[in-house]
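Let's take a walk through this fold, piece by piece. Have the sequence and the 3D view open side by side as you read.

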Amino acid sequence: MQLKTVFDSNIYIAAALRPGGYADVWLDIAALPRSGLDLYISHPILDEVREKLIERFGMPVADVDRFMSRLRHIVVVVRSTEHLEVVRDDPDDNAILECAFGAQAHLIISADHHLLDLNPYRGLGIAHPKELKRIFAKDIGSTT
């Protein structure tokens, strides 16, 4: 079964800032045929990731462009089907929920307590990245 999943922007940012790290390895796994992990993203999430990598973390634009190009080969870009105002303390998190419903996702992966505190939300599971290893029963190796 393919697990339709939306990663929070913090997961993508962690992958970009720590190549070979935990979050980056999950992107590699999602890129594998028949990995069981299908990643979905929306334009607002792509924009947030790009903006934070450049403005908050000072990553060179060329490096950000390479990372964003890599993402576009791994993820499926979807359009949000509804506007939500669920997370008032961090409105950017609403884009994660909107993307998940637009993708008809099964799961959101986030390290953000604003989202984790909602678990489950309208039947949608929200889990910490460390849960991915438990969700996938197959041996994914010692890289995670």
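The buried residues of helix α2 get their cover from several elements, among them β1, α1 (9-17), β2, α4 and α7 (131-135). Keep in mind that this is a predicted model. Which residues of α2 are buried? They are A23, D24, V25, W26, L27, I29 and A30. That makes seven of the ten residues in α2, so this helix is largely enclosed by the rest of the structure. As a reminder about helices in general, an α-helix has 3.6 residues a turn, so residues three or four places apart point the same way. Helix α2 spans residues 22-31 and lies across β1 and β2, running at about 110° to β2.

Helix α5 (residues 92-103) packs on the sheet too, where it touches β1, β2, β4 (107-109) and β5. The direction of α5 makes about 160° with that of β1.

**The sheet**

In what order do the five strands of the open sheet come? The order is β3-β2-β1-β4-β5, and the pairing is parallel. At the edges stand β3 and β5 (125-127), each with a single partner strand, so one side of each is left without a neighbour in the sheet.

Now for β2, residues 37-41. Four of its five residues are buried, so β2 is largely enclosed by the rest of the structure. With β1 (residues 3-7), β2 pairs in the parallel sense over four bridges. Strand β3 (residues 76-77) runs parallel to β2 as well, joined to it by two bridges.

| Residue | Stands opposite |
|---|---|
| L3 | L37 in β2 |
| V6 | Y40 in β2 |
| I41 | V77 in β3 |

**Just past β2**

Step on to S42, which you'll find in the loop between β2 and α3. Is S42 buried or exposed? It has 1% relative accessibility, so S42 counts as buried. Leaving aside residues up to four places away in sequence, S42 touches V78, S80, A95 and C99.

**Where α3 meets α5**

On the α5 side the residues are D92, A95, I96 and C99, and they meet P44, I45, E48 and K52 of α3. By class, this contact of α3 with α5 has five nonpolar, no polar and three charged residues. How do the two helices pass each other? The axes of α3 and α5 come within 9 Å and cross at roughly 140°, and the crossing is left-handed.

Last stop: F57, placed in the loop between α3 (43-56) and α4 (61-74). What does F57 touch, not counting residues up to four places away in sequence? The list is I13, L17 and K52. K52 also belongs to the set of α3 residues that meet α5. As for I13, it sits 44 residues from F57 along the chain, yet the C-alpha atoms of the two are separated by 9.3 Å.

Notes:
Residues numbered from 1 in each chain as written. Predicted model: local features only at pLDDT ≥ 70, side-chain atom pairs only at ≥ 80, totals over all residues. Heavy atoms only, no water. Buried < 20%, exposed > 50% of the residue type's maximum accessible area, 1.4 Å probe, protein only. Pairing = 2+ DSSP bridges. Contact = heavy atoms within 4.5 Å. Axes fitted to C-alpha atoms, helices over the stretch in contact; angles between N-to-C directions. Left-handed = near helix turned anticlockwise from the far one by under 90°. Nonpolar A, V, L, I, M, F, W, Y, C, P; charged D, E, K, R; others polar.
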